[in-house]
Amino acid sequence: MTVSLNAAEIVEMFVTDEEAPSSETVHAQAISFYPQHWRKRWPEQLDIDSLSILSLDGLDGTGRRTISRSDLFGLGREVETPLDALNFFVAVYSWGVGTFARGVSRGLRVLEADDASDRILGALETLRESDFDPRVGYSAFNNYDQAKLKHLGPAFFTKLLYFYSHDRLSRTTNTPLILDQYVAASLNWDSWGWGSAQYAGYIKLVDQVRSHLDADLPGDVVEYVLFKHGQRAHMRG
């Protein structure tokens, strides 16, 4: 059984990097995607004309739209209705899969559930009502008796938790963060099957790293460094 990294070992990642990323660098991380990949597969029963993220206005010459973490923070602030939640989900999912049509097809499988938008909104409202407790939000998305949706796993619903809560929070500790296969690889965790307690442990570990480095260091900077290390390891191996 592999042993999870501790805070000191993660701090070493910052020491060995030539330069730790700034918060501005992290929040500028941008991905391009093709709205048409969604539009040509879009379920007839779902509204598409009201979704700003899939508008054909403002695309580049190849038909792509580019969205950054900062853009998604803004969309997260606007989520109040099921339609807002649907628009937010498509935006976050697109940021996660980029230009790959196969990834969009997987995202559309999430929307096969008749109550998908309501469940996404319900989980986000549960997070907000808990004062953005990461464990509560994770549990809401991870349990069918709450808001879990088939085909929507932690690698994507933790993105929803993170982007939704970022601009609504007034604290810097115990904040929702992204946990995906690359972050997990950096932590020496399995690539799937994480429970809410393990997610809460990840958030606590990030806060320990921050306390070693700089209490004002945003948690998503630590997440970004873990992601990059895991991504590089994946590419090498």
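**Close-up views of a predicted model**

The structure holds 7 salt bridges, a salt bridge being a side-chain nitrogen of Lys or Arg within 4 Å of a carboxyl oxygen of Asp or Glu. The model is predicted, so local features need pLDDT of at least 70 and side-chain atom pairs count only at pLDDT 80 or more, while totals for chains, interfaces and linings use all residues. Residues are numbered from 1 along each chain as its sequence is written, and side-chain values use heavy atoms, with hydrogens and water left out.

**View 1. A salt bridge joins Asp60 and Arg64.** The side chains of these two residues meet at 3.3 Å, N to O. Asp60 is partly exposed because its relative accessible area is 32%; the term covers values between buried, under 20%, and exposed, over 50%, as found with a 1.4 Å probe on protein chains only. Arg64 is also partly exposed, with a relative accessible area of 29%.

**View 2. Arg119 and Asp115 form a salt bridge.** The distance between their side chains is 3.0 Å, N to O. Arg119 has a relative accessibility of 22% and therefore counts as partly exposed. Asp115, with a relative accessible area of 32%, is partly exposed.

**View 3. The salt bridge between Arg171 and Asp131 links distant parts of the chain.** The side chains meet at 3.5 Å, N to O. Arg171 lies in the loop between α9 and α10, Asp131 lies in the loop between α7 and α8, and the two are 40 residues apart. Helices here are DSSP runs of H or I with at least four residues, numbered from the N terminus. Helix α7 spans 116-129 and helix α8 spans 134-142. Arg171 is partly exposed, with a relative accessible area of 25%, whereas Asp131 counts as exposed because its relative accessibility is 51%.

**View 4. Asp131 and Asn188 have positive phi values.** Most residues other than glycine have a negative phi. Phi of Asp131 is near 60°. Phi of Asn188 is near 65°. Asn188 is found in the loop between α10 and α11 (196-213) and is partly exposed, with a relative accessible area of 34%.

**View 5. Asp180 is a buried charged residue without a salt bridge.** Lys and Arg count as positive and Asp and Glu as negative, while His and the chain ends are not counted. The nearest side chain of opposite charge to Asp180 belongs to Lys159, 4.2 Å away. Asp180 is found in the loop between α9 (154-165) and α10 (181-186). A polar atom of the Asp180 side chain lies 3.1 Å from the backbone nitrogen of Tyr182. Leaving aside neighbours within four places in sequence, Asp180 is in contact (heavy atoms within 4.5 Å) with Ala155, Lys159, Trp194 and Phe227.

**View 6. Lys159 is likewise buried and has no salt bridge.** Lys159 lies in helix α9, and its nearest side chain of opposite charge is that of Asp180, at 4.2 Å. The Lys159 side chain reaches the backbone oxygen of Ala155 at 2.6 Å. Not counting residues up to four places away in sequence, Lys159 touches Val92, Trp95, Gly96, Ile178 and Asp180.

**View 7. Phe88 is buried in helix α5.** Its relative accessible area is 1%. Not counting residues up to four places away in sequence, Phe88 touches Leu72, Leu75, Gly76, Val79, Leu124, Leu160, Phe163 and Tyr164. Phe88 and Phe73 are 15 residues apart in sequence, and their C-alpha atoms are 9.8 Å apart in space.

**View 8. The largest pocket is lined by 22 residues.** A pocket is an open set of points on a 1 Å grid over the protein atoms alone, where a 1.4 Å probe fits and protein lies on both sides within 12 Å along at least five of seven lines; lining residues have an atom within 4 Å of a point. About 590 Å³ of space lies in the largest pocket, a volume being the space filled by probe spheres set on the points, which are joined across faces, edges and corners. Trp95, Gly96, Val97, Tyr182 and Phe227 lie nearest the centre of the pocket. Helices α5 (82-97), α6 (101-110), α9, α10 and α12 (219-236) each supply at least two residues of the lining. The largest share, 4 residues, comes from α12.

Conventions: A polar contact is a pair of N or O atoms within 3.5 Å; within protein, one must be able to donate a hydrogen and the other to accept it, and residues adjacent in sequence count only if both atoms are side-chain atoms.
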